[in-house]
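Hi,

Here is the model I said I would pass on.

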Amino acid sequence: METWQVILAIIIVGLSMVMPIYYSYKKKKLERKLKEGREVTEKEKIRVYLDNINEKFRAKHR
């Protein structure tokens, strides 16, 4: 084998090991962002619901 073939084989093997790790990290990062976004949305829904209850209670006791 020639030198360029050895170097090419090393690059291919290296990329075949690194690329799955990179894509799994990228997928986990995206899932984490989506989860945080959903949590923020749920917190906002709860805040609005509690604000509505507070307004009704205040209006009833004025």
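Below is what turned up, going from the overall fold to the side chains.

A word on the ground rules: this is a predicted model, so local features need pLDDT of at least 70 and side-chain atom pairs count only at pLDDT 80 or more, while totals for chains, interfaces and linings use all residues. Residues are numbered from 1 along each chain as its sequence is written, and side-chain values use heavy atoms, with hydrogens and water left out.

**Overall fold**

The secondary structure of the protein chain amounts to 1 helix and 0 strands (helices, H or I, are DSSP runs of at least four residues and strands, E, of at least two, numbered from the N terminus). The chain has a radius of gyration of 27 Å, well over the 11 Å from the globule rule for 62 residues, so it is more spread out than a compact globule. For the record, that radius is taken over C-alpha atoms, and the rule is 2.2 Å times the number of residues to the power 0.38. Along the principal axes, the C-alpha trace spans about 90 × 10 × 5 Å.

How much of the protein chain is buried? Buried residues make up 0% of the 62 residues, where buried means under 20% relative accessible area, exposed over 50% and partly exposed in between, with a 1.4 Å probe and protein chains only. The chain exposes about 6,300 Å², and carbon and sulfur atoms supply 65% of that. Those areas come from the Shrake-Rupley method with a 1.4 Å probe; for residues, only the protein chains shown count as cover.

**Salt bridges**

There are 4 salt bridges in the structure, each being a side-chain nitrogen of Lys or Arg within 4 Å of a carboxyl oxygen of Asp or Glu. Here are three of them:

- Glu42 pairs with Lys45, with the closest N and O atoms 3.8 Å apart. Both residues lie in helix H1 (residues 3–60), 3 residues apart, or about one turn of the helix. Glu42 is partly exposed, at a relative accessible area of 43%.
- Arg47 meets Glu44 in a salt bridge at 3.0 Å, N to O. These two are 3 residues apart in helix H1, which means about one helical turn separates them. Arg47 is partly exposed at 41%, and Glu44 is partly exposed at 39%.
- Arg58 and Glu55 bridge at 3.2 Å, N to O. Arg58 and Glu55 are separated by about one helical turn because they are 3 residues apart in helix H1. Arg58 has a relative accessible area of 43% and is partly exposed; Glu55 is partly exposed too, at 44%.

Which residues are linked in a network of salt bridges? Glu44, Arg47 and Asp51 are. The side chains of Arg47 and Glu44 also make a polar contact at 3.0 Å. That term covers a pair of N or O atoms within 3.5 Å; within protein, one must be able to donate a hydrogen and the other to accept it, and residues adjacent in sequence count only if both atoms are side-chain atoms.

**Nonpolar patch and the tyrosines**

Ile7, Ile11, Leu15, Met19, Tyr22 and Tyr23 form a nonpolar surface patch with about 580 Å² of accessible area together. Patches are made of residues with over 30% relative accessible area and no salt bridge: like charges are joined within 9 Å, and nonpolar side chains (Val, Leu, Ile, Met, Phe, Trp, Tyr) within 5 Å.

Searching the whole structure gives 1 aromatic pair. The rings of Tyr22 and Tyr23 have centres 5.3 Å apart and planes at 65°, so this pair is edge-to-face. The cut-offs: rings of Phe, Tyr and Trp (its six-membered ring) pair if their centres lie within 6.5 Å, and planes under 30 degrees apart count as stacked, over 60 as edge-to-face and the rest as tilted. Tyr22 is partly exposed at 41% relative accessibility. Tyr23, found in helix H1, is partly exposed at 48%.

Cheers
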